[in-house]
Amino acid sequence: MLTTASNPPLTGVTVLEVGAFMAAPYATMQLADLGARVIKVENPDGGDPVRATGPFIRGESSPFVRLNRNKESVTLDLKAERDNAAFRELVREADVLVENLRPGAMSRLGLDYPTLREENPRLIYASASGWGQDGPLAHLPGLDIMAQARSGLMSITGFPGHDPAKVGVPICDLACALYIALAVTAALRERDRSGEGQHIDVSLLESGVSLAIWEAGMYFADGTVPRPHGSAHQNNAPYQAVRTADGHVTIGATTPKTWSAFCHTLGLDDLLSDPRYGDAYARRQRREELIEAIERITTTRTSRSIVDDLELAGVPCAPILDYAQVFTDETLRQRDFFWDAPHPTLGSAEQLGSPMRFSRTPVRRAHAGPPLGDSTATVRAEMSHVDREGDE
């Protein structure tokens, strides 16, 4: 269990979110977990489109109540003059604004960074988009799958000779969101020194390309264009899923020590003494024949027995779990990863935990994603109070 001696790290920071779907909401979820007050500004006509995304539990979107935990919802029609003015009042008191509308949309609303900076010079304004705030693609819609396609990720995902495949989760959306959260925290730290805010521009495209560490190493070294290898590693072997008698297991016997232990444990000493597999480079060059030789043994044994023996020998390995197994996993349960978040309609909604574990300032576990507009009256009342203080 985590210590609860102090408030979360971003306590006292106010964040406005003008977001939909994934990139901005996932970024602000991180900030909310870290203690920031996140006010999610939604259109009164339905709010964030994720609210209409199933599956539904008693009328509530199951994805929404998890993606938008620890936030408040305020309904404002930013195209309406009165609500636009109300939003500007919120901006004057905010530390951060995170948005993921298409580039130019906030400008048309009169809510772009140069305009809002005049009202709050300390404002940190973060924009997530498909292709960036400028450049030849900026005007185009950009969803995760398009970013996976243009970033090269789809060219290396899947198996050789098969149709293109995307990563199973919206990886460009999620990476962009995490970069936004990281950039915001860095900008807050810099503001402590300078007293000034700034604009942050993070794209799904560049977030996806930034993940290509191994691929860049190959291409910039000798011009090799990376291709899909299924579950196998680009440069190391054996480092992939192998077949067993009842499924698959993953193995990573890539160092001299783990390669030796792997061969001894599975009775593959003939491979260990074979000069064709004498080092990691040679094993990668002969990956297909190597895996074929390994699977002649692994397909005679169950996944559980292989994992048990390899774990005992100190060889990196793991079973391949489906999400029913993941969400009931004993390791995650013992580490208190999942938690129940209160919700006014559902009673509670089980949440995925934050992987950030602080010894002194733990992340916040407050409530599930809010009903549409649940905090509108409260926030407006606060705004009126601030206005009265300013008049005194």
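At 37% relative accessibility, Arg333 counts as partly exposed, a class that lies between buried (under 20% relative accessible area) and exposed (over 50%), computed with a 1.4 Å probe on protein chains only. The partner of Arg333 is Glu350: the two form a salt bridge whose closest N and O atoms are 2.8 Å apart, where a salt bridge is a side-chain nitrogen of Lys or Arg within 4 Å of a carboxyl oxygen of Asp or Glu. Because Glu350 belongs to strand β13 (residues 347–351) and Arg333 to helix α17 (residues 330–334), the pair ties together parts that are 17 residues apart in sequence. Glu350 is partly exposed as well, at 33% relative accessibility.

This is a predicted model, in which local features need pLDDT of at least 70 and side-chain atom pairs count only at pLDDT 80 or more, while totals for chains, interfaces and linings use all residues. Residues are numbered from 1 along each chain as its sequence is written, and side-chain values use heavy atoms, with hydrogens and water left out.

Along the principal axes, the C-alpha atoms fill a box of roughly 85 × 45 × 40 Å. Of the 392 residues, 44% are buried.

Strands of a sheet pair through backbone hydrogen bonds, either parallel or antiparallel. Here, two strands pair if DSSP finds at least two bridges between them. β1 and β2 run parallel and are joined by four bridges, with Val38 of β2 as the bridge partner of Val15. Strand β2 (residues 37–42) also runs parallel to β5, through five bridges, and Glu42 stands opposite Thr75 in β5.

Five of the five residues of β1 are buried, so β1 is largely enclosed by the rest of the structure. In a regular strand the side chains alternate between the two faces of the sheet. In β1 both faces are covered, with Thr14, Leu16 and Val18 on one side and Val15 and Glu17 on the other. Strand β5 (residues 71–75) is mostly covered too, five of its five residues being buried. Lys71, Ser73 and Thr75 lie on one side of β5, Glu72 and Val74 on the other, and all are buried.

Side chains of opposite charge can pair when their charged atoms come close. The whole structure holds 19 salt bridges. One of them joins Lys71 and Glu17, at 2.9 Å from N to O; because Lys71 lies in strand β5 and Glu17 in strand β1 (residues 14–18), the pair ties together parts 54 residues apart in sequence. Another salt bridge brings together the side chains of Glu72 and Arg37, at 2.6 Å from N to O. This pair links distant parts of the chain, with Glu72 in β5 and Arg37 in β2, 35 residues apart. Glu72 is buried at 16% relative accessible area, whereas Arg37 is partly exposed at 26%.

A separate topic is the open sheet of three strands with the order β9-β10-β11 and antiparallel pairing. β9 (239–243) and β11 (317–319) stand at the edges with a single partner strand each, so one side of each is left without a neighbour in the sheet. Neighbouring strands of this sheet are turned by 25 degrees against each other on average, direction ignored; axes are lines fitted to C-alpha atoms, for helices over the stretch in contact, and angles run from 0 to 180 degrees between N-to-C directions. β9 pairs with strand β10 (residues 248–252) over five bridges, and Ala241 stands opposite Thr250 in β10.

Conventions:
Helix = DSSP H or I, 4+ residues; strand = E, 2+ residues; numbered from the N terminus.
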